[in-house]
Amino acid sequence: MKIVLFSLVFLVVFSLALLLFIAVRRFLSDYRQKRFRKKYLEIEPEFMEALFSPDLEAPLKFAQRHRKNWKVIARLLLDYKQVVSGEAGERLRKIFLTVLKVGCYRLLSSRLVSRRLQGVSLFFAFFEPEDVKTFQKIINDRPVIRLAALTVLARTSDEKAVRIIFQAFEQDEVSRAPSYFYIMSALGEKAEPHLREALRKPLPPEKIALLVELAGKIPLRNLARELEALADSPEKEIRIRVARALGRMADPDSLRTLLRLAADEAWEVQAQAVRSLSSFKTPEALQVCYRGLFSPSWHVRHNSARALAALGEQGLEKLREATVQNEDAYACDMAKMILDEMSIFGQGEQGAQK
């Protein structure tokens, strides 16, 4: 009985203590937020005056006066970085260098993930060419850090920042190259000139293959000619990526290259090429995909059948033709399987054309 009573008392005391802890923590959090907001509104007019004052030393004077309020200054810098440029943008940089850069590096070097996250936004808002090694360290950090970096970089319009990203990619170890992929793909069309330049450099095959994949993922159709030049690469992986990227771009002028890749010596390249041909509704693509049904490779046959199904009524007719021929039983079975799947999932001829 005493044990039950003791347990009940302990549970009540523990619950009250937990509720008290939550209440106190909530109170302190609200208090800090209100205090922060008050200080933000108090400093903001002076901050704006420093940005647009005719006095060239105004940003440095402001930074020196409010050095102790570095958290508020950090928020002001990030908020105004999105809306100012030119001379005002350079003044933002001066304030950052005076007050926050050293602290930013301390945050990025912290063992605590939460503190490193605090430093990521500031770093990517104002980083310089000499910060390449720090950039490499960030994107090879934990996934949550890379995600924060990606979020910030996706909003950047700074040409210098984009250039530094590609510079870091070129200089970093091959094993770390995949870490850059989603960061660079978030840049969209801003990556095009840097990607074109990188494709012409003597980079390791693994990096070239990743750049080719990137061009197709965005996609950057203006780089189709650069990718076609890599279609004869001795590296099989590069040829596979070229075939996939050209299919995503669906540039009519790339058809010849894809037809050539469909006859590549490696079945992996053939399989990707015929899959990409589903974006080209031409007699040549139709004929090559039909021939792919008779390949000794299961993957080539499968992708060829899928491509024919995506090529509309003419492709479906070729699949039906394959089901009644006696030349290759495997081609017949593959065509029947794809037609049956389309029937089961309600993909009629109109669905295939889409």
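Helices α1 and α3 are oblique to each other, a class that takes in the angles left over once those under 35 degrees are called roughly parallel, those over 145 roughly antiparallel and those from 65 to 115 roughly perpendicular. In this predicted model, local features need a pLDDT of at least 70 and side-chain atom pairs count only at pLDDT 80 or more, whereas totals for chains, interfaces and linings use all residues. Residues are numbered from 1 along each chain as its sequence is written, and side-chain values use heavy atoms, with hydrogens and water left out.

The axes of α1 (residues 2–52) and α3 (residues 70–81) come within 10 Å and cross at roughly 60°, where axes are lines fitted to C-alpha atoms, for helices over the stretch in contact, and angles run from 0 to 180 degrees between N-to-C directions. Helices are DSSP runs of H or I with at least four residues, numbered from the N terminus. The crossing of α1 and α3 is right-handed, the term for a near helix turned clockwise from the far one by less than a right angle, with left-handed denoting the anticlockwise case. On the α1 side the contact (heavy atoms within 4.5 Å) is made by Phe36, Lys39, Tyr40, Ile43, Glu44, Phe47, Met48 and Leu51, and on the α3 side by Lys71, Val72, Arg75, Leu76, Leu77, Asp79 and Tyr80. By class, ten of these residues are nonpolar, none is polar and five are charged, with Ala, Val, Leu, Ile, Met, Phe, Trp, Tyr, Cys and Pro counted as nonpolar, Asp, Glu, Lys and Arg as charged, and the others, Gly among them, as polar.

Helix α5 (residues 113–126) packs with helix α6 (residues 132–139) at an angle of about 140°, their axes being 12 Å apart. This angle makes α5 oblique to α6, and the crossing of the two helices is left-handed. Val120, Phe123 and Phe124 of α5 meet Thr134, Phe135 and Ile138 of α6, a contact with five nonpolar residues, one polar residue and no charged ones. Helix α6 is largely enclosed by the rest of the structure, because six of its eight residues are buried, where buried means under 20% relative accessible area, exposed over 50% and partly exposed in between, for a 1.4 Å probe and protein chains only. The buried residues of α6 are Val132, Thr134, Phe135, Gln136, Ile138 and Ile139.

Phenylalanine 126, also in α5, counts as buried at 2% relative accessibility. Apart from residues up to four places away in sequence, phenylalanine 126 touches Leu77, Lys81, Leu92, Arg93 and Phe96.

Arginine 91 lies in helix α4 (residues 86–108) and is buried, with a relative accessible area of 3%. Residues up to four places away in sequence being excluded, arginine 91 touches Ala50, Leu51, Phe52, Ser53, Pro54, Asp55, Leu56, Ala58 and Pro59. By contrast, arginine 91 and glutamate 317 are 226 residues apart in sequence and 67 Å apart in space, C-alpha to C-alpha. The domain assignment, which is automatic or taken from a database, gives domain 1 (41–126) and domain 2 (264–354), and the centres of these domains, taken over C-alpha atoms, are separated by 59 Å.

For helix α8 (residues 159–171) and helix α11 (residues 205–217), the axes come within 11 Å and cross at roughly 145°, and the crossing is right-handed. The contact involves Phe166, Phe169, Glu170 and Gln171 of α8 together with Lys207, Leu210, Leu211 and Leu214 of α11, and by class the contact has five nonpolar, one polar and two charged residues. Histidine 194, found in helix α10 (residues 192–199), is buried with a relative accessible area of 9%. Its contacts, leaving aside neighbours within four places in sequence, are Glu159, Val162, Arg163 and Phe166.

Two backbone features are found in loops. The peptide bond from isoleucine 218 to proline 219 is cis, with omega near -15°, and proline 219 is placed in the loop between α11 and α12 (224–228). Alanine 250, in the loop between α13 (236–249) and α14 (255–261), has a positive phi of about 55° although it is not a glycine. With a relative accessible area of 29%, alanine 250 is partly exposed.
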